[in-house]
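Student: I have a structure to go through with you. Could we begin with one of its helices?

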Amino acid sequence: MRPDAHRVQPDARHDVDGNPLIERYRPNERSNHWVTAILFILLAISGLAMFHPAMAWMAVFLGGGQWTRILHPFLGVLMFVSFGWLVIRFWHHNLLEKQDKQWLKQIGDVLHNREEKLPKVGRYNAGQKILFFVLIACMVGLLLSGIVIWRAYFSAYFPIGLRQFSSLIHAFFGFVIIVSIIVHIYAGLWIKGAVGAMVRGTVTYGWARKHHPLWFEQVMQDEKRAGIKTETAAEMHAAQSKHDAH
């Protein structure tokens, strides 16, 4: 008998091993996230290319220096709009709650992966929520300072002192957001399954129960109220074995 003979064909609610899945991100949420991510990469590359001569070679990715200077602000506006949709979608999930303060006090347990000692986490933990608001502050700062130094359209309306100050502020927020995104990527790789959730849109019950137990409990309550019956992997394998025996 082949090793995978008892595997169940995956559907919208189960993986290939029969493990039940929870939808963590809808398709439009995932596409919104990846559009924002792609725009961020293009902006980071073009911004660094214009920031220092040592990184000017990066301008080649946007067609050279002239095209980089032209496209950078337009891409910035697009990213602000795309990120704005993310904020609207996820704002209510990122409001700080009582357990978040305790989570921050136990940051040592967080760094050492002692999740069993931490308070129950909802859809996002306190670190993710803080990062969310840091990104909002950076986006607003980049947009406002970027308008002031956008020479083709707006900079002539502002005094030179404000333009110089805005250039410094723009570079500062650019540095902060690049570091923040690096932290975001590292955290996603650190927690196995987090990146997959944004790629596939689903997570296993075990993953949700371990990393976001309050959110998992809420999903279970919602499914119960909706009358959705979820088979466990054991139930599915038992049913498959019974079928094979006959």
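Student: What does the side-chain oxygen of N125 reach at the start of α5?

Tutor: In this predicted model, that oxygen comes to within 3.0 Å of the backbone nitrogen of G127.

Student: And how many residues does α5 have, and what is its reach?

Tutor: Helix α5 contains 23 residues. From its first C-alpha to its last it spans 34 Å, close to the 33 Å expected at 1.5 Å a residue.

Student: How far is I130 from L95?

Tutor: The two are 35 residues apart in sequence, and their C-alpha atoms are 9.2 Å apart in space.

Student: Changing topic: which residues have the most contacts inside the largest nonpolar core?

Tutor: Those are I22, F83, I177 and V203, in a core of 33 residues. Elements that each supply at least two of its residues include α1, α2 and α9. The largest share, 7 residues, comes from α5.

Student: What about the second largest pocket: how much space lies in it, and what lines it?

Tutor: About 1300 Å³ of space lies there. The lining has 39 residues, and G47, M50, H72, I149 and H170 are the closest to the pocket centre. Two or more lining residues come from each of α1, α2, α5 and α6.

Student: And the lining by class?

Tutor: It has 26 nonpolar, 10 polar and 3 charged residues.

Notes:
Residues are numbered from 1 along each chain as its sequence is written. This is a predicted model: local features need pLDDT of at least 70, side-chain atom pairs count only at pLDDT 80 or more; totals for chains, interfaces and linings use all residues. Side-chain values use heavy atoms; hydrogens and water are left out. On a 1 Å grid over the protein atoms alone, a cavity is a set of points where a 1.4 Å probe fits but cannot get out, and a pocket is an open set with protein on both sides within 12 Å along at least five of seven lines; lining residues have an atom within 4 Å of a point. Grid points are joined across faces, edges and corners, and a volume is the space filled by probe spheres set on the points. Helices (H or I, at least four residues) and strands (E, at least two) are DSSP runs, numbered from the N terminus. Ala, Val, Leu, Ile, Met, Phe, Trp, Tyr, Cys and Pro count as nonpolar, Asp, Glu, Lys and Arg as charged, and the others, Gly among them, as polar. The expected span of a helix is 1.5 Å times one less than its number of residues. A polar contact is a pair of N or O atoms within 3.5 Å; within protein, one must be able to donate a hydrogen and the other to accept it, and residues adjacent in sequence count only if both atoms are side-chain atoms. A nonpolar core is a set of buried Ala, Val, Leu, Ile, Met, Phe, Trp, Tyr and Cys residues joined through side-chain atoms within 4.5 Å. Buried means under 20% relative accessible area, exposed over 50%, partly exposed in between (1.4 Å probe, protein chains only).
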